[in-house]
Amino acid sequence: MTKKKRLFSAYKYDIAFSEGVSPHLVTWVSGLMVFFIALALAVSFALTSVTKNWTQSLTGSLTVELAPGAPAVAEKISALEGQHPDVSSARVLAATEVQGLLAPWLGDAAVGGFSLPVLVDVQLIDGASVARVKRDIAAIAPMAVIDDHAEALSSVTTVAQVVRGFVSTLSGAVLLLAIVSIAGIVRAKFAIHRQEVETLHLIGASDEYIARQFRHHTLRGVLLGAVLGVAAMAGVFIAAGMVTHTLNSTIWPQIQMLPLQWIVLLVSPLAAGCFIAHVTAQRAVTRELESLA
Amino acid sequence: MALVTFSNVGLRYSTGPEILHDVSFTLQPGSFHFLTGPSGAGKTSLLKLLHLGQKPTRGIVTLFGQDMARVSRRDMPALRRQIGVVFQDFRLMNHLSAFDNVALPLRIAGTDEAVIQKNVGELLTWVGLGDKMHARPVTLSGGEQQRVATARAVIGRPRLLIADEPTGNIDRDTAIRILHLLDELNRHGTTVVVATHDEAIVERFRHPQLRLEGGTLKEEPSLTAQAA
Ligand SMILES: Nc1ncnc2c1ncn2[C@@H]1O[C@H](COP(=O)(O)OP(=O)(O)OP(=O)(O)O)[C@@H](O)[C@H]1O
Ligand SMILES: [Mg+2]
């Protein structure tokens, strides 16, 4: 068909798509879908970036807790700095620092009456074997309690995973709803234009010729929706950035999206939209066409 | 070889009564037949079988030498493109101009746009619509719509041309003009079948008849001497 070359605005359909079901319906449905999914994707990327920052600050360090009154053992551990290949620094915390850490739980007054534990903050080099360092410290101080922050880390990771799971479930639901709606709209259009479709069929149009018109028309609506949805999402994201910036939030500066993530965010809704329009329209129309002799 | 052969063809719509019973006839290439009979006799139903708009419930329909029961769905459109149909209600696309309506079968067949421009323009001029090419069907008179529908049916040079009551709601002069147009195509080799209840037209053009009564064929045209 020579018309195939005339893309979009100049494309003339054999079927009167401008009549009947509003051509904007598909645009609305797909626009909202793309908006929500792109937003969810952006939240998910931002979350990854925040947890990555937290994780980086927590990994690569150990806190060694020794019973009160063991200065010699504490000295041996702090001497690991410069001796142990995996340790970049080891520092015994001053009593006031330990007090500061415990005060919120025990109260200032109570803290004064305790004999405080000795804490050693051990920083590891990149790529250090945490297990080996823990084993070596245990050899020096068998009674020491060594905290590698694994619990705190795992709870951060768990929260992030739960949020991400929730966001992707929600996106999946939105996607499914959009697909079902678009298929429904295509079917409704088919029913409304059945007489024209039948005429095309009877004068020798192949199923593919007819399906192509529905696909093209649907694709046009979905693409417009996807572009508007992505634009709305970008607007919300930029607005959120400006708001948190003026609030001087401590989290916002940690959210940095890589160029690749921006590309994924902008391109994937369009690509997904094209794919969904194509497959959904094709399937819906093929099913309807089979009812013709 | 016969262009069309019906052997003991029966038709019923879904679970309704049988509309056509044991219909058998053949159409030779280049023949011209009138399909006559009272209202409700099954003329339109028979034409639907003939232009592949409906499958028979029983019996064998052979078209262009092929048993239609053995033709796959994929191959049907190509066969339909060899059959031109003037529908009783025209079935024109109301949002397309007269030109685009007539061009439709060519566009479906993937004909080159330059060829389309030339042929469609010529044909519309020939049927007297040279100055109405860009008019929408709704703005045309019944007779003009009839001519657009006829032009769309013949633009692809079909081997078989089917017209269902082409003189239904138009005046005598236009009806005769349309029949002359079909005669002209027939002289160029197209096999024609025209369903009509217009006795005057049948009298005037003297082509052999297929007569349907209560879903049964009364005269077999293969036994009738061929006119034209
Ligand atoms: N799609 C259909 N579904 C069910 N019954 C149908 C259908 N089309 C036609 N019929 C029935 O088949 C019978 C024959 O109808 P058909 O239209 O073939 O007659 P006809 O000879 O063309 O009549 P007319 O001269 O009035 O056009 C009628 O009783 C009609 O009710
Ligand atoms: Mg009829």
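In the predicted model described here, A:Ser78 is buried, with a relative accessible area of 17%, where buried denotes under 20% relative accessible area, exposed over 50% and partly exposed the range in between, computed with a 1.4 Å probe on protein chains only. The model is a prediction in which local features need pLDDT of at least 70 and side-chain atom pairs count only at pLDDT 80 or more, whereas totals for chains, interfaces and linings use all residues. Residues are numbered from 1 along each chain as its sequence is written, chains are lettered from A and ligands numbered from 1 in the order in which they are written, and side-chain values use heavy atoms, with hydrogens and water left out.

A:Ser78 belongs to helix H2 of chain A, which covers residues 71–78; helices (H or I, at least four residues) and strands (E, at least two) are DSSP runs, numbered from the N terminus. A polar atom of the A:Ser78 side chain lies 2.9 Å from the backbone oxygen of A:Glu75. When residues up to four places away in sequence are not counted, A:Ser78 touches A:Ala90 and A:Val92, contact being defined as heavy atoms within 4.5 Å.

Leaving aside neighbours within four places in sequence, A:Ala160 is in contact with A:Leu47 and A:Thr51. The C-alpha atoms of A:Ala160 and A:Val50 are 9.4 Å apart in space, although the two residues are 110 residues apart in sequence.

Between the two chains, 26 residues of chain A are in contact with 23 residues of chain B. The area buried between them is about 2200 Å², of which carbon and sulfur atoms give 57%; buried area is here the accessible area (1.4 Å probe) that two parts lose on being put together, summed over both. On the chain A side, A:Leu202, A:Ile203 and A:Ala293 lose the most area to chain B, together accounting for 31% of what that side buries.

Ten residue pairs are in polar contact between chain A and chain B, with both residues at pLDDT 80 or more; such a contact is a pair of N or O atoms within 3.5 Å, for which, within protein, one atom must be able to donate a hydrogen and the other to accept it, and residues adjacent in sequence count only if both atoms are side-chain atoms. Helix H7 (194–202) and helix H8 (207–246) of chain A each supply at least two residues of the side that touches chain B, and the largest share of that side, seven residues, comes from H7(A). By class, the side of chain A that touches chain B has twelve nonpolar, six polar and eight charged residues, with Ala, Val, Leu, Ile, Met, Phe, Trp, Tyr, Cys and Pro taken as nonpolar, Asp, Glu, Lys and Arg as charged, and the others, Gly among them, as polar. Within H7(A), the buried residues are A:Glu196, A:Val197, A:Thr199, A:Leu200, A:His201 and A:Leu202, and the helix is followed by A:Gly204, whose phi is positive, near 105°.

Over all chains, the whole structure holds 17 salt bridges, each being a side-chain nitrogen of Lys or Arg within 4 Å of a carboxyl oxygen of Asp or Glu. Two salt bridges are counted between chain A and chain B. One salt bridge joins B:Arg91 to A:Glu198, with the closest N and O atoms 3.2 Å apart, and A:Arg194, A:Glu198 and B:Arg91 are linked in a network of salt bridges.

Within chain A, the side chains of A:Glu288 and A:Arg187 meet in a salt bridge (3.3 Å, N to O). This pair links distant parts of the chain, A:Glu288 lying in helix H9 (residues 259–289) and A:Arg187 in helix H6, 101 residues apart. A:Glu288 is partly exposed, with a relative accessible area of 22%, and A:Arg187 is likewise partly exposed, at 28%. In the salt bridge between A:Arg215 and A:Glu208 (3.1 Å, N to O), A:Arg215 is buried at 12% relative accessible area, whereas A:Glu208 is partly exposed at 35%. In chain B, B:Arg107 forms a salt bridge with B:Glu113, the closest N and O atoms being 2.7 Å apart, and both residues are buried.

The secondary structure of chain B comprises seven helices and ten strands. Buried residues make up 55% of the 228 residues in chain B.
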